[in-house]
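Let's take a walk through this structure together.

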Amino acid sequence: MTSQASSPAEQAEPAEPAAPAEPPAPQPPAAAARAPREPGAGTGTRGTADPGENGKEVRRLERVIIRFAGDSGDGMQLTGDRFTSETAALGNDLSTLPNFPAEIRAPAGTLPGVSSFQLHFADHDILTPGDAPDVLVAMNPAALKANLGDVPPGGEIIVNTDEFTKRPMAKVGYAGNPLEDGTLDGYRVHPVPLTTLTVEALKDFGLTRKEAERSKNMFALGLLSWMYHRPTESTESYLRRKFAKRPQLAEANVAAFRAGWNFGETTEDFAVSYEVAPATTAFPPGTYRNISGNLALAYGLIAASRQSGLPLFLGSYPITPASDVLHELSRHKNFGVRTFQAEDEIAGIGAALGAAFGGSLAVTTTSGPGVALKSETIGLAVSLELPLLIVDIQRGGPSTGLPTKTEQADLLQAMYGRNGEAPVPIVAPRTPADCFDAALEAARIALTYRTPVFLLSDGYLANGSEPWRVPDLSELPDLRVPFADGPNHTLDDGTEVFWPYKRDPRTLARPWAVPGTPGLEHRIGGIEKQDGSGNISYDPANHELMVRTRQAKVDGVRVPALTVDDPSGQATALVLGWGSTYGPITAAVRRHRAAGGRIAQAHLRHLNPFPANLGEILRRYERVVVPEMNLGQLTTLLRAAYLVDVRAITQVTGLPFKAQDLAHALKETIDA
């Protein structure tokens with residue numbers, strides 16, 4: 001959550017967005033498959049307009065995309081979170097895209113300081129936050145200028161007119177007032193003095209003007225909640241919980257929120273409100289909640305701990321956009337979770353590896369720069385053959401790069417970013433909710449095969465959110481593995497001893513011996529070990545055997561076969577993706593098929609090892625296209641492994657693909 005403020009609506013975002021406001025379920029909740037439906041390309045089908053209770057017109061839409069935009073201190077992330085929570089409670093399918101500066105408080109009124117939150121919600125299955133907003137809420141000139149280019153002609157723009165004074169407009173390069181000089185011709189503009197109306201609504205609370213102005217985001221939230229018939233009870237309850245120690249501030253926030261609702265209800269400028277029905281056919285029956293990728297990942301780790309019967313240990317150093325996992329896990333000591341915020345990345349993974357040696361389900365979380373620092377210890381984990389989850393929430397690079405923007409450029413680092421031959425399995429979730437299942441799968445591989453495992457999420461998944469079905473505990477996999485409890489080898493003289501590198505013939509995993517178990521004392525460390533006995537060995541033949549055995553263990557990890565979606569059965573082109581590109585790719589493929597194209601689609605969760613049938617699938621198609629948010633890293637791996645002419649569609653803007661742009665690029669690449 002954002003920290004408590006000293007005024008009713010001090011909603012300045014930190015360098016990463018808060019976790020969703022709903023309290024977590026008592027047991028960690030798994031992503032459910034949804035009934036597919038091709039969404040329309042516009043802002044939704046408008047049915048017969050009905051008069052509302054106040055005589056205003058009510059129009060029914062299939063889907064809407066809203067973007068809140070303002071300074072990073074205007075509370076846009078909180079506003080978006082609350083509108084998302086209201087939408088989830090109503091039962092719409094939804095997808096979100098928070099987009100904010102790396103600075104805790106970026107320069108006010110500047111283009112680099114603009115923070116935005118986009119929400120796409122619908123009465124049917126959707127896959128992305130949407131390409132372009134149907135409604136833009138612009139809190140100042142910088143927000144308008146930074147986002148106007150994304151709004152299609154005819155889109156609605158709600159602007160806070162109080163901020164359109166000479167200095168703020170000049171700061172972003174407006175020579176004149178864009179509300180008056182024709183810049184917004186072709187849009188449906190609603191000029192609203194949000195600041196003035198908020199201050200007026202709070203005049204009886206004894207606040208300074210500056211304090212009252214900070215609640216203008218709640219006024220905007222109330223207005224949009226009226227405009228789209230969102231429930232309000234959860235937001236009012238949230239505000240009272242947030243400011244429980246400052247009840248005056250809580251009631252001031254609630255008053256601003258209600259004032260925004262009442263303004264929409266009474267003003268003549270908003271003559272129409274809209275309804276988007278619940279997505280009753282999009283989901284299987286069950287209990288759902290809105291969840292972000294990082295929250296789902298944290299729940300998945302807790303679930304893996306419970307299903308394995310092992311205590312969960314997280315050794316981590318805070319880094320955007322991974323810090324939310326540390327924050328969330330620290331709240332769950334009642335599930336046996338131990339979190340250690342280390343002084344640096346190396347200490348974090350060192351502590352996690354020590355916990356793995358001690359018999360815990362060990363995890364370290366980071367982003368790309370942290371992976372580079374952790375690489376030596378990851379190599380040590382490969383040598384020790386201990387289970388360890390390395391969670392990399394990818395962001396734009398290299399170096400510090402773009403801390404709050406998304407990218408998929410750590411794949412080759414995860415594959416090869418260590419000295420020597422140090423193979424590590426790699427798992428990648430495809431949606432925010434799928435982060436839960438991906439965490440369970442990464443834990444399964446690590447525990448079964450006694451190996452470190454990379455889980456590659458990214459900022460788009462981490463901060464985005466969608467509905468998630470809370471699973472029944474009976475649906476979760478059994479992850480229990482036995483510890484070694486006695487000697488496992490007999491010497492030639494008949495002596496029974498414990499050999500730490502005597503392997504399971506099926507998995508090639510070595511035994512996991514908890515320190516302190518009598519008779520299981522053994523040597524560990526980074527120097528090469530003799531096969532079986534685990535003694536230090538410099539023998540050339542033994543080193544080759546150990547290197548090839550570690551590789552064979554990873555190559556032998558059992559992963560599900562890759563499935564292909566090809567409704568016609570006659571496609572000659574395959575679109576293959578991995579990670580967070582799933583939503584944009586699927587949306588683009590649906591558009592291509594709706595236009596009469598025949599195209600197959602598949603999506604990889606396991607990137608090392610690849611599914612056993614991947615090569616056969618690739619050779620089945622005349623053209624294989626891989627969209628990814630890097631310069632072609634998966635494409636490079638596929639070409640090397642299968643000698644197939646894979647074509648890449650790449651993007652490194654710090655933002656996810658837009659479905660329309662990707663559909664166009666697919667058509668050009670396939671038709672070339």
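Predicted model: local features only at pLDDT ≥ 70, side-chain atom pairs only at ≥ 80, totals over all residues.

Residues are numbered from 1 along each chain as its sequence is written, and side-chain values use heavy atoms, leaving out hydrogens and water.

Let's begin with the aromatic rings. Rings of Phe, Tyr and Trp (its six-membered ring) pair if their centres lie within 6.5 Å; planes under 30 degrees apart are called stacked, over 60 edge-to-face, and the rest tilted. Counted that way, there are 11 aromatic pairs. Take F121 and Y228: their ring centres are 6.0 Å apart and their planes stand at 90°, so this pair is edge-to-face. It ties together distant parts of the chain, since F121 belongs to strand 5 (residues 114–122) and Y228 to the loop between helix 6 (216–227) and helix 7 (233–242), 107 residues apart. Helices (H or I, at least four residues) and strands (E, at least two) are DSSP runs, numbered from the N terminus.

A charge sits over a ring if NZ of Lys or CZ of Arg is within 6 Å of the ring centre and within 35 degrees of the ring normal. R82 lies over the face of Y238, 4.5 Å from the ring centre, and the charged end of K145 sits over the ring of Y174, 5.1 Å from its centre.

Back to strand 5 and its neighbour. Two strands pair if DSSP finds at least two bridges between them. Strand 4 and strand 5 run antiparallel and are joined by seven bridges, with S95 standing opposite H120 in strand 5. In a regular strand the side chains alternate between the two faces of the sheet. In strand 4 both faces are covered: D93, S95, L97 and N99 on one side are buried, and so are L94, T96 and P98 on the other. With seven of its seven residues buried, strand 4 is therefore largely enclosed by the rest of the structure.

Strand 4 (93–99) also takes us to a cavity: together with helix 15 (459–463), each supplying at least two residues, it contributes to the lining of the second largest cavity. A cavity is a set of points, on a 1 Å grid over the protein atoms alone, where a 1.4 Å probe fits but cannot get out; lining residues have an atom within 4 Å of a point. This one has a volume of about 90 Å³, where volume is the space filled by probe spheres set on the points, and grid points are joined across faces, edges and corners. Its lining has 13 residues, and L97, P98, T404, T406 and G654 lie nearest the centre.

Seven strands form an open sheet in the order 12-11-13-14-16-15-22, with mixed pairing. Its edge strands are strand 12 (337–341) and strand 22 (606–608), each pairing on one side only. Within this sheet, strand 14 (residues 388–394) and strand 16 (residues 452–458) pair in the parallel sense over seven bridges.

Finally, look at the backbone. Most residues other than glycine have a negative phi, and most peptide bonds are trans. G397 and P398, however, are joined by a cis peptide bond, with omega about 0°, and P398 lies in the loop between strand 14 and helix 13 (411–416). S399, in that loop as well, has a positive phi near 55° and is exposed, with a relative accessible area of 62%. The bond from N608 to P609 is also cis, with omega near -5°. H229 has a positive phi near 55°; it lies in the loop between helix 6 and helix 7 and, at 29% relative accessibility, counts as partly exposed.

Notes:
1 Å grid on protein atoms, 1.4 Å probe; cavity = no way out; pocket = protein on both sides within 12 Å on 5 of 7 lines; lining within 4 Å. Buried < 20%, exposed > 50% of the residue type's maximum accessible area, 1.4 Å probe, protein only.
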